Amino acid sequence: MSTQPHQEEITGICCTYCVDSPVPAAKSCLMCEASLCEKHLKVHMETATDHLLTEPNTSLKNRKCSIHSRIQEYYCTEDATCICVSCSSVGEHRGHRVEMLEEASEKKKKKLKYLVRKLTTKRKETVERIQSLEEHRRKSQEEASGQAERVTALCTDIRRWVDDLEKKVLSEISRREEKVSLSLSNVIQKLQIKKDELSRKMRHIEELCNMTDPLTVLQEPDTGDLRDPEEEGGDEDRWGHDGSDRGAELISHISHTLSAMIKDINMTFHGQDPADILLDVNTAGNNLLISNDLKTATWTEIRQSRPETAKKFQYFQVMSGRRFTSGRHYWDVEISGSSNWMVGMCYPSMDRRGRQSYFGNNNKSWGLYKVLGNINQYSVKHDSKMIRLPHQISSDRVRICLDYEAGQLSFYELCDPIRHLHTFTAAFSEPLHAVLYVCNGSVKISGGAAVRKHQHRRNLFRDW
């Protein structure tokens, strides 16, 4: 009874030979199929030096060959299984290449460690990919939320503007109606008095016509100075036409303004995809610095030591990694401190070296550019044909719009309101890439659609 608490405390493998009181085993002997405590292990090692010892184990029989009942000491590399010496010498594994268990185990551990390193690398790459996608998802959600807020704000602004306009127009119509009504009432009152006066005169004339006394008739004043009422008319026509003409003018003005607003909104939102464009640093000329976010190209006097490849431009140009083969897209650029730049699109087959590699100098590129020395003067260029724009550009932001199927590449100045600069028309036969040229300063891809405000639309109605 006194040993029961001690027995309950031992939860591991016990010594096979300590039958009176359980003692934890230190090792297990595969040859003897027994577990030994420290005391019995010391004796065992003195008498059985060639026996194979392992960590304490309860499944010692599983470590023996099921055919020869001998310890599995070898590993057959051809059949990838553990065997005993009899299997190797007279059994089914005779003549096979075998290794000691320790040797085979170390080789497998080495392979497993290499596999762990590869899996660790793959796991790290997977984690980084997940983080990148989660960041992309977060940015997409933020961008979508921002666009939704801007659209909601714009629509709220338009509804408020239309409500205000409706009140103003209805008030103006009511005011004009009251003015016309009052004016016509005055005219009607005057005509009513004239009518009564004419009726009185007509009765008097009729009385004269019925008189038989010639003297009385001749002594009456001459009535030939009476004017035709039609000669004194026209007030009602004047007021009526004035009111209707002004009303038609007002309605026409409102219709024109609303049409212009809808056109602007459609151009900004309808069917166009704000393109997420990143620059391909492998195409950048050596005098261009490309920002870490791949959005900005900056000219530098210090030449960069990029590898010379077939993709790289000889001059100060860089192309986008993304290409466009269908759909309607737009992207924005912001110019900073540069008086010599060019933006546009090109085919990937455009030359990268020589004068013909300047985009606009060949039939595989289209661009809007500003040349050094021409203050606020801009041109468009394709296939070495230059078209000087008739107006100056004051904004430092430009939008490029692509309709691939329609074969249209358009440029807009991002001012308020947005202003169309030029549209190229072509039958596009290759994928198109965005391309930048900058000789000094920098050009940044700002991307995304900026919701334009229409405060200037309201100002058109201040005089109404």
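**Entry 1: Leu 41**

I looked up the contacts of Leu 41, leaving out residues up to four places away in sequence, and found that Leu 41 touches Ala 26, Lys 27, Leu 36 and Leu 53. Contact here means heavy atoms within 4.5 Å. The model is predicted: local features need pLDDT of at least 70, side-chain atom pairs count only at pLDDT 80 or more, and totals for chains, interfaces and linings use all residues. Residues are numbered from 1 along each chain as its sequence is written, and side-chain values use heavy atoms, with hydrogens and water left out.

I placed Leu 41 in helix α2 (residues 38–47). Helices (H or I, at least four residues) and strands (E, at least two) are DSSP runs, numbered from the N terminus. Is Leu 41 buried or exposed? Leu 41 counts as buried because its relative accessibility is 8%; buried means under 20% relative accessible area, exposed over 50%, and partly exposed in between (1.4 Å probe, protein chains only). I also noted that Leu 41 and Ala 25, 16 residues apart in sequence, are 8.8 Å apart in space, C-alpha to C-alpha.

**Entry 2: His 51**

I found His 51 in the loop between α2 and β3 (53–54). His 51 is partly exposed, since its relative accessible area is 25%. Apart from neighbours within four places in sequence, His 51 is in contact with Cys 29, Met 31, Cys 32 and His 44.

**Entry 3: Ser 183**

I located Ser 183 in helix α4. Ser 183 counts as buried because its relative accessibility is 10%. What does the side chain of Ser 183 reach? The side chain of Ser 183 reaches the backbone oxygen of Lys 179 at 2.8 Å.

**Entry 4: a pocket**

I turned to the second largest pocket, which holds about 280 Å³ of space. On a 1 Å grid over the protein atoms alone, a pocket is an open set of points where a 1.4 Å probe fits, with protein on both sides within 12 Å along at least five of seven lines; lining residues have an atom within 4 Å of a point. The lining residues include Tyr 75, Cys 82, Glu 99 and Lys 111. Helix α4 (residues 101–210) gives the most to this lining, with 6 residues. By type, the lining divides into 4 nonpolar, 2 polar and 4 charged residues.

Beyond four places in sequence, Val 333 touches residues including Val 343, Ile 400 and Leu 436.

**Entry 5: positive phi**

I noted that most residues other than glycine have a negative phi. Ser 384, in the loop between β14 (378–382) and β15 (385–388), has a positive phi of about 65°. Ala 80 also has a positive phi, near 55°, and lies in the loop between β4 (74–76) and β5 (81–83).

Note on methods: Points joined across faces, edges and corners; volume = space filled by probe spheres on them. Nonpolar A, V, L, I, M, F, W, Y, C, P; charged D, E, K, R; others polar. Polar contact = N/O pair within 3.5 Å; in protein donor to acceptor, adjacent residues only side chain to side chain.
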